[in-house]
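Hi everyone, thanks for coming. Let me put the structure up on the screen, and then we can walk through a few places in it together.

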Amino acid sequence: MSLPTRFPKNFKLATATAAYQIEGAKELDGRGISTWDAIRSEYGRIRDDSNPTLSCEGRLKYKEDVALLAKIGVTSYRFSISWSRILPNGTLSEINKEAIQYYRDVCLLLRDNGIEPIVTLFHFDMPLAIYDNGTSWLNKENCEHFVKFADLCFREFGDLVKTWITFNEINMQAWSSVVKIQGELWLCPDRPEIENHEQAPYIAATNMLLTHAKIYRNYEKNYKETQDGIIGITNGGRFCFPASDSPDDQAARNRALDWLFNYTIEPILTDSGDFPATMREKLPFLPKFTDEEKEMIKGSTDFLGINYYLSHMVRDISDDETPTSQSERDASYAFVEGKWEKICGETWVRYAPDGLLALLKYVKEKYNNIPVFITENGCMNLIGEEEKKEEDILNDKHRIKYITGHLEAVAKAIDNGCNVIGYTLWTLMDNFEWDDGFAVKFGICRVDFESPEKTRTMKQSAKYYQTFIREFKKHHNLL
Ligand code: NOJ
C-alpha cells in the first residue's frame, strides 16, 4: 500500500499560514498596529534586521495564493484572522467592514475552489492598543475583548468557516509572548515594569484557558445549531523521552511533559478540569479554578490541534545545578541532546518522526482518543542556503524526507487506532518567522522577496505534496 492510500477518505491534507507572517499591507482596511509591528520597530530585535514593511504581501495577493493552494490540491487551508485588521483598537469600539469583507472574500474563493477554511483566531499578534493597557493575557479585560472578537468572527464568517481554532500554541504563547522570561524565547514587546515575571506564564495560561472555554461555550450555545462547526485549540507538541531508565529520569520526563505539553490541555481533556498534579505540588502560587470554572473548561474542545517539529530527551537535575530556563527550574529537569538528525543544520528543528508517533499514542491513552488535527509540521531551509543557486534552493530534498517521515508516523498512528483527522504542512510559502525575521524559511513555496511581485515558486516539496494529495484523492475517488 502506498503512503497516500493509507489515509482514510475523510482525512484532511492541509497547509497553513498566519496573518502577521504573510499579510503585510499594514495600513490597508484601517488595520491597527499590533504587538509585532511594535517588536519589529525595536532596533536590533529581529535577527535579520529586515525592513519592518517587508512581507509576502499576502493581503494583496490572496487570489494568487488561493490559486496556488488549488494547484497543490489541499483539502483544507489553515490561516488566521488578524484581530488588529478587524478591530484596530482591539475592542468593538471600531469594526472595519473592509477587513471583514477581505476575509469573507478569501473564504468565498476557497469555497469556489473546494478548499475548506480552518481559521485560527489568535496566532501570536495582539492589537497594541490593548496590549499596552495591561500586557496581553495577564489582563482579564483583554480576555473579554478576545471573547467579543471571537463572537464577531462567528457572526461574520460562521456561514463559511466550519473549523475554528481559538489559540495557536497556547502552551508556547504563555511562556514566550507575554513578558520576558529567563531562558525562554521572547516574542513580545519588552515591558520591564510588569512585576512577577516568574508567575506570568502560569497566570497567562490560566486566563487563556478560561478565555478559550468561554469562546467554546458561546459557540455551543449561540452558533453550533445554525452553523454546525467545530472548535479546537492548538498546543505546541513536543514529546519527551527520558535520558535513561532510572526512576529519577523517568519522573523528570513526566514533569517535562507536564510543563511543555500537558498543562494547557489537561484541564480541558480530563475530568480533573485542572492543571497537572505535579504543577499543583510545585507551584503554590498557581491560580485556582473555581468549581464552576472547571465545569466550563472540561470538555471545551471538539478536537486537539498539535503543532509538531521536534522531541526532547530530558533528565533529572541535581540540587546544585542551575537550570538555564525557568521551566526547567520550576519542573526540575534538564534537556540532553538526543540522537535525532539535525536535518536543517544547526537549528532547533530535529528529524524525530518517532516522537510524533509516540506523542500521538500518548494522547490516545491519556486523553481518551480525542480527535487530533496536526495543525503544523514542517522544516526550514538548510542553513546557508541563500548563498546557493535558486534551482538548488528549490530542490529541497531534506524537506521531502522530513514530510514523508512524519506522514509515515501519522499513518502508523492511525494503524494503531489513534484518532488523527488531519495533517497540515507548515507553511505554504516562505514568510516572516518571528524573532528570526526572514532569515529562516519554512515555505514549501519560495518567495522572491527582492521582486516587486513577491513571486511565489513551488519548491520540490510542494510538488511532492501535490503528487501525494493527487494519489490520495484518486484512491478515494475524490478527483
Ligand atoms: C509554530 C508557529 O505557530 C508558527 O507561527 C511558526 O512559524 C512555526 N512554529 C515555525 O517556527
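So, which residues are around the ligand? They are A18, Q21, N168, E169, N307, E376, W426, E433 and F442. Sorted by class, that shell holds 3 nonpolar, 3 polar and 3 charged residues. Please keep in mind that this is a predicted model.

Now let's move to the core. The largest nonpolar core has 138 residues, and V119, A256, L360 and V372 touch the most other members. Helix α9 gives the most to this core, with 11 residues. If you'd like to zoom in on L360, its contacts beyond four places in sequence are V372, A413, C418 and V420.

Next, have a look at V178. You'll find V178 in the loop between α8, residues 170-176, and α9, residues 200-222. Is V178 buried or exposed? V178 counts as buried because 28 other C-beta atoms lie within 10 Å, and the cut-off for buried is 20 or more. Leaving out residues up to four places away in sequence, V178 touches T135, S136, W137, L138, C188, A200, P201 and A204. Compare that with S2: S2 and V178 are 176 residues apart in sequence, and their C-alpha atoms are 45 Å apart in space.

One last stop, a pair of helices. Helix α18, residues 397-415, packs with helix α19, residues 460-475, at an angle of about 35°, and their axes are 8 Å apart. On the α18 side we have R399, I400 and I403, which meet Q460, S461, Y464 and Y465 in α19. The residues of that contact divide into 4 nonpolar, 2 polar and 1 charged.

Key:
Residues numbered from 1 in each chain as written. Predicted model: local features only at pLDDT ≥ 70, side-chain atom pairs only at ≥ 80, totals over all residues. Near = placed C-beta within 6 Å. Nonpolar A, V, L, I, M, F, W, Y, C, P; charged D, E, K, R; others polar. Axes fitted to C-alpha atoms, helices over the stretch in contact; angles between N-to-C directions. Helix = DSSP H or I, 4+ residues; strand = E, 2+ residues; numbered from the N terminus. Contact = placed C-beta atoms within 7 Å. Buried ≥ 20, exposed ≤ 12 C-beta atoms within 10 Å, placed from the backbone. Core = buried A, V, L, I, M, F, W, Y, C linked by C-beta atoms within 7 Å.
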